Structure formats: structure tokens, C-alpha cells
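I opened this notebook to record what I looked up in a two-chain model.

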Amino acid sequence: MELLRRTFTANGLLDETGNAGLVAVSRLTPGTNILAYCVGLGWSLHRWPGALAALVASSLPASLIICALTAAIVRIDRYPAVRVILAVAVLAATLLVFSSAASLLRPYLRRPALMRASIVAIMSVAMLAADVTPVRILLLAAALGAAISGSARPSDPQ
Amino acid sequence: MSPIVVYVLLLKAIATSFAGMGSLPQIQQDFVETRHALSVEQINQAVLVGRSTPGPIGAYVVSVGYLAAGWSGAIAAWLAMMTPALAAIPLVVLMQRWVHLPRVRAAVDAVVIASAILLLSSGIRMAADAWQQVAAGF
């Protein structure tokens, strides 16, 4: 995202205010933030053609590489040594999962928002323990968040 | 597994998450626990592949689609990954009108927090499964 901002501001196609708006939109859009940022950027420059071109350009190359890598892994996965190596690599990859969760939580760990965040987090853990499905947990969290709103909120998540 | 089912399941998971990896809990639920289309190990491999390649972190869903239904599944997953991003267009317009409302922001914040909790739980499950495989290998 930072690379995109630098490139497009250097070319005079985007200013800091426009970038801030796109970042906010990308945080509020479900799914992968960078894709939403690219769609918003493409839309602001060339409407639908720009949005679609940006979306394909930001997702297709990685998707093709991923398909090729997955096909390769499926072929070599039957060898025990490969399975152990892959399992070790997965252990390392879990760090990414934990760091994604930490980056989502970080903006809410400041004092004004901490109490409300704790209530939502405790409710989410309780529902997880009760085997409630993820979609229902998210919907109930949204309802709870709206119900207990009114206290101070953190700045936009990073 | 039909590519249409892959598309619908992945779209549900992606459209209810607010980060690249945020779709993981729902994908585990649908593909592993409910439909038994993939094993935990295969989901872990998909995450590993996604992490090993440049591009969006959430693109690991393409690997999930490939493992579930081959090339047609991969295409369905790619489309499912792109679909929610198009919501950015109306959001650009709506944001200026609604986002300042405290209840709307509080609801979005709560969803982000719940997503993080779900993600932590998925990470723990991934690590436990990978650890079992490493231990079995030695």
C-alpha cells in the first residue's frame, strides 16, 4: 500500500487526502485490504475500467504463482521427508496468522477503547468455546459493538 | 467439489472478514469440519503457499480452491477473492455519509476484534496440527 501511495503521489495521480480516504475505505471493505485499496484507486482514476484493471492486476499474478506452487506441493507431498519439511514451514507460517491477529487488535489496546474491546473479545472467546460458527460470532459482535457504543473509540486500525 | 460451491463458500468466508487471513476460521469450518472436502493439513499447506508468494496475503484462498476442485476451483476462488473488493466502490461514496456515526464505527470495530479472536484460534489449531506432523515425522 505504501509503495502504491509513493508511486501514485509521485506521478501526481493521488494526494495525501485521497490516500487517507482510500486507506479508510480499504479497512472498512470486507476481504483483503490491498485489493479494496487498488479498486478504490482505480475507481478514482478511471471509474469502472480503472477499478477492474486494478483488481485484476493486483490479484492475478499472485494467484497464478499460487496455483503453480500448490500443484507442485500436491505432487511432492507424498514423500515423508517433504511432509515434515512442510509441517515445519507451516509452524513458521502460523507466526503470520498470529501477527495478523495482533495487528488487528493493536489499535484497540489503548485505554479509551480497551474496556469495550475486552467485552467484545471475551464474548467472542465464549462463543468460540460454545462452538458458535464464525459468521454468527461476527454478526453478534457487530450487534454487541453497536449496542455498547458511545464510549471513546480508537483511531482507525492500522 | 463444484466450483460454484467453492465460490459461494469462499465468498462467505472472505466477505465476513476484515483482513487477508481473517477468512481462515470460516474456511476451516466449511471445508474441513462441515463438508470434509479438505483436511487440516491441506488448509495449512494453502496458508503456507499463500505466505510464500508475493501479492495479497488473502490470496491463499486460491490455493484452497485449487485443492478443493482443481483449476476450476482456483478460478472460482480467485473470483471469490475479488468480489468483496468491489464493495470498495460504493463504500467510497457511503463512507462520507455514514462512517462518522458512532454506532456504525463501533459495530465495525467489534467485528474487527472478533475477527482477531477467531484468527488467533485458527492459528493455534494450525500450529497444533503442524506440530503433530513434525512429531510424527521424527
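**Entry 1: a bent helix**

I began with helix H3 (residues 33-76) of chain A, which has 44 residues, yet its end C-alpha atoms are only 33 Å apart, short of the 64 Å that a straight helix would reach at 1.5 Å a residue. The expected span is 1.5 Å times one less than the number of residues. Helices (H or I, at least four residues) and strands (E, at least two) are DSSP runs, numbered from the N terminus. I then located a kink of about 145° in H3(A) at A:His46, shortly before the proline A:Pro49. The bend at a residue is the angle between axes fitted to the seven residues ending there and the seven starting there.

**Entry 2: conventions and confidence**

I noted that this is a predicted model, in which local features need pLDDT of at least 70 and side-chain atom pairs count only at pLDDT 80 or more, while totals for chains, interfaces and linings use all residues. Residues are numbered from 1 along each chain as its sequence is written, and chains are lettered from A and ligands numbered from 1 in the order in which they are written.

I looked up pLDDT (the predictor's confidence in each residue, from 0 to 100). Chain A averages 81, and 90% of the residues score at least 70. Within chain A, H3(A) has the highest confidence, at 90, and helix H2 (residues 16-28) the lowest, at a mean of 70. Residues 152-158 of chain A fall below 50, although this stretch has 21 contacts in the model beyond near neighbours in sequence. Where pLDDT is low, the predicted coordinates should not be read in detail.

**Entry 3: chain B and the interface**

I counted 6 helices and 0 strands in chain B. Its C-alpha atoms fill a box of roughly 55 × 30 × 30 Å along the principal axes.

The contact takes 67 residues from chain A and 75 residues from chain B; two residues are in contact if their C-beta atoms, placed from the backbone, lie within 7 Å. H6(B) gives the most to the side of chain B that touches chain A, with 28 residues.

**Entry 4: H3(A) against H4(B)**

How do these helices cross? Their axes come within 9 Å and cross at roughly 170°. Axes are lines fitted to C-alpha atoms, for helices over the stretch in contact, and angles run from 0 to 180 degrees between N-to-C directions. H3(A) and H4(B) are therefore roughly antiparallel to each other (an angle over 145 degrees). Among the residues that meet are A:Leu55 and A:Ile66 in H3(A), and B:Tyr66 and B:Trp78 in H4(B).

Definitions and conventions. Angles under 35 degrees count as roughly parallel, over 145 as roughly antiparallel, 65 to 115 as roughly perpendicular and the rest as oblique.
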